[in-house]
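Below is a note for a colleague who has not seen this structure before. The points follow the sheets, then the helices, then the contact between the chains.

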Amino acid sequence: MRTAFIRALTAAAQEDERIVFLTADLGYKLFDDFAARFPNRFFNVGVAEANMVGVASGLALEGWKPFVYSIVPFATLRCYEQIRNDVAYHEADVTVVGVGGGFSYGHNGPTHHALEDIAVLRVLPGMTVLCPGDPQETEAAVRALARHRGPAYLRLGRAGEPVVHPGRVDFRIGESLLLREGNDGTLLTTGNMLAPAVRAAELLGERGLQVRVISMPTVKPLDVPTIERAARETGWIATLEEHSRLGGFGAAVAECLADLGLPVRLRRFGAQDHFSHTCGDQAFHREAHGLAPAQIADALHSGLR
Amino acid sequence: MTALSSDGLDGLLQRSREVRASVVRMAHRAKSPHVGSALSSVDLLVALYFRVMDIDPARKMLQNPDRFVLSKGHGCMAYYATLAARGFFGPELLETYSRNGSVLAEHPSPVGIPGCEIGTGSLGHGLSIAAGAALARKLRRQPGRQFVLLSDGECNEGSVWEAAMFAAGRGLDNLVVLVDYNKLQAMGRSDEVTGLPPLAKKWSSFSFGTVEIDGHSMPEIVRALEAAPFEKGRPSAIVAHTVKGKGVSFMENDLEWHYRPPSDADLARALAEIGG
C-alpha cells in the first residue's frame with residue numbers, strides 16, 4: 001500500500017502544485033523520486049511529529065496542500081492535539097498519512113501497533129477518515145483526497161498487501177465498494193482486513209452461506225444507506241477491522257445501526273482490549289485476536305446464523 | 001571507585017566484543033533492522049552494566065541503587081545482549097529475538113524481559129520516565145543514579161527538551177543522560193535533517209552538567225560515567241560521539257544498516273572482524 005500511495009501522490013503532485021509532503025524521518029528511499037521531482041515540496045522535518053503537524057497547518061492556511069507522513073501511532077497519537085487544534089479546529093487542508101495500520105509492524109511491538117487511531121481521529125469534527133484495503137483502494141483514496149478540501153486521515157497498511165480488486169477502482173469519499181453479493185449476511189470491512197474478509201466469505205460460501213462483502217474505505221463519513229440496505233436485506237452484519245473493537249469502525253457501524261433503530265444482529269471483529277506483550281508478525285497477532293479468516297468464518301458460522 | 005585497571009579495561013573490551021557478536025547474530029537470525037543503531041551503543045551499555053551501575057540480577061529491580069532506561073528502543077539488540085551477558089537471562093533467549101511468541105520484540109516490552117522495566121519504541125519518552133524515577137529517588141532520599149540512553153535523532157522530539165527543563169528545574173543530579181550521537185538518523189545525517197548541532201551546547205544551555213566523549217573509548221566512557229554528576233544540583237548529559245555500525249567495518253557510518261539485515265556472508269565477515 002505504501003508504494004501505491006507514493007505513486008498516486010506523485011501523480012497528484014504533478015497535477016496540483018499546491019501539494020507538499022512532510023515526513024517525520026520515515027520512508028527511507030521511498031520518496032526519493034518525489035523529492036527529486038519536487039525538491040521544494042518535500043520536507044523531512046526530523047523525528048518531531050507534533051511540530052510537523054503544526055507546520056503543515058501553517059502551510060495549509062497559506063494555500064498549500066500538505067500530506068504529513070509517519071508510522072500510525074506517531075502520525076496520530078503522538079501529535080493528536082496538533083491534529084485537533086491546528087488542523088481540525090482550523091479546518092486546515094491537511095492530510096495525515098499513517099503507515100502501518102493495525103499489526104502491520106507486528107514484530108516491532110505495541111509502540112508500533114496501530115489499534116486506536118480510527119477511534120481518536122473519527123471523533124474530530126470535520127475529519128475525514130479513509131482506510132483503504134488494498135493497493136487499488138489506496139490509489140483511489142489518494143485521488144479522492146487530492147480533490148478533497150479539509151482535514152483528512154489516510155490509514156495505510158505497510159508493504160506487500162494482496163491486491164484484492166482485480167483492476168482500478170474509484171470511489172468518492174463516503175462511498176463503499178461491493179466485492180461479493182449475498183443475502184445470508186454481510187461482512188463490512190475496512191482497511192487491511194479486506195483480504196481476510198473476502199477469504200472468510202469464501203469459507204462461509206463453502207459451508208453454504210452466501211455472504212455479502214462490502215469494503216468501506218471511508219470510515220467517516222460513513223456510508224449509511226449501504227449499511228441500512230445490508231441490515232434490511234441480509235439480517236446480520238459483521239464488521240472487520242485491524243483496530244481495537246472499541247471506538248473504531250465497528251463502533252461507528254454500531255452507532256449508525258442504533259441511530260437507525262434497526263433490529264439487526266451485529267458482531268464486531270477487531271483487536272481485543274489488551275496490549276500484545278508477545279512478539280509476532282502480523283499473521284501471529286491476527287490469530288491471537290481472532291482475526292484470521294478461518295476464525296472469522298467459524299465464529300460467524302456457529303454464532304450468528 | 002577504583003581506577004580502571006588494564007585488566008579491567010581488557011575485560012570490558014572483551015564484553016563489548018561478545019555483545020557485538022551477539023547483536024550481529026540476532027540481526028542475522030531474525031533478519032532484523034537497526035543493527036547499526038545497536039552497534040553504536042554497545043560500549044556505553046557494557047560500561048554501564050559491567051562497570052558503573054550498581055545493579056544485580058539477583059536483586060529485585062527496585063532494590064537496585066542504579067537503574068537504566070533504553071529510550072532509543074530500536075537499539076534493543078545491544079540492550080538484550082548486554083542483559084543476557086550480565087546474567088539477567090540466559091543466552092538462549094536471545095535466539096528467540098523477534099520470533100513469533102518471544103518476549104524479545106524489536107522494541108523492548110515492559111513485561112516479560114528480566115532486567116527491563118520500561119517499554120520504549122516511540123522516541124522521546126525515556127527521558128521523562130527517567131526523570132520521574134530520579135525524582136522518586138529524591139523524594140525517598142534514596143541513593144543511586146538513574147541512567148537513560150537516547151539517540152541523536154531522538155533529540156528532534158520536543159518532549160526530550162520538556163524533560164530536560166523539568167530535570168534541570170528540579171535539580172535532579174541523580175539523573176545521567178547518555179546521547180548516542182552516531183550522526184545518522186532514519187533518513188539522513190542527523191546534523192543536516194534538523195538544526196541539531198550544537199548538541200552538547202543545547203544540553204549545557206538547558207543547565208545540564210555536560211561532557212562530550214568518544215563513545216567508543218572505554219576509559220573515556222568509564223571516566224565520564226563515574227564522575228557524574230559533574231555539578232552538584234544539576235542533571236548530567238554525556239554526549240557520546242559514536243559511529244553507527246561500530247565494530248564492523250562495512251556497517252560503519254552507513255545508513256543502509258539502519259535497515260538491512262546481515263546475510264550469511266555478512267555475518268561471517270562481521271564475526272571475523274569483531275573477534276571475541
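1. Five strands of chain B form an open sheet in the order β1-β2-β3-β7-β6, with parallel pairing. Two strands count as paired if DSSP finds at least two bridges between them. Helices (H or I, at least four residues) and strands (E, at least two) are DSSP runs, numbered from the N terminus. At the edges stand β1 (67-70) and β6 (209-214) of chain B, each pairing on one side only. Direction ignored, neighbouring strands of this sheet are turned by 20° against each other on average.

2. The model is a predicted one: local features need pLDDT of at least 70, side-chain atom pairs count only at pLDDT 80 or more, and totals for chains, interfaces and linings use all residues. Residues are numbered from 1 along each chain as its sequence is written, while chains are lettered from A and ligands numbered from 1 in the order in which they are written.

3. Within the sheet of chain B, β3 (residues 175-181) and β7 (residues 236-241) pair in the parallel sense over six bridges. B:V179 of chain B has B:V239 in β7(B) opposite. Helix α6 (residues 126-139) of chain B packs on this sheet and touches β1, β2 (146-151) and β3 of chain B; the direction of α6 makes about 170° with that of β2(B). Contact here means that the C-beta atoms of two residues, placed from the backbone, lie within 7 Å. Axes are lines fitted to C-alpha atoms, for helices over the stretch in contact, and angles run from 0 to 180 degrees between N-to-C directions.

4. β6(B) and β7(B) run parallel and are joined by six bridges. B:G209 has B:S236 in β7(B) as its bridge partner. Between β6(B) and β7(B) the chain passes through helix α10 (residues 218-227) of chain B, in a right-handed β-α-β crossover. Right-handed means that, with the strands pointing away from the viewer, the path from the first strand over the helix to the second runs clockwise.

5. How do α3(B) and α10(B) pack? Their axes are 10 Å apart, at an angle of about 55°, which makes α3(B) oblique to α10(B). Angles under 35 degrees count as roughly parallel, over 145 as roughly antiparallel, 65 to 115 as roughly perpendicular and the rest as oblique. Residues making the contact include B:L44 and B:L48 of α3(B) and B:I221 and B:L225 of α10(B).

6. Helix α3 (residues 42-52) of chain B also comes within 10 Å of helix α4 (residues 76-85) of chain B, axis to axis, with a crossing at roughly 30°. The two are therefore roughly parallel to each other. Among the residues of this contact are B:V46 and B:Y49 of α3(B) and B:Y79 of α4(B).

7. Chain A has an open sheet of seven strands in the order β2-β1-β3-β4-β6-β5-β10, with mixed pairing. β2 (42-44) and β10 (218-220) of chain A are at the edges with a single partner strand each, so one side of each is left without a neighbour in the sheet. Helix α1 (residues 2-15) of chain A lies across β1 (19-23), β3 (65-71) and β4 (95-99) of chain A, at about 145° to β1(A).

8. Where the chains meet, the contact takes 23 residues from chain A and 31 residues from chain B. On the side of chain A that touches chain B, α3 (49-61) and α4 (72-76) of chain A each supply at least two residues.
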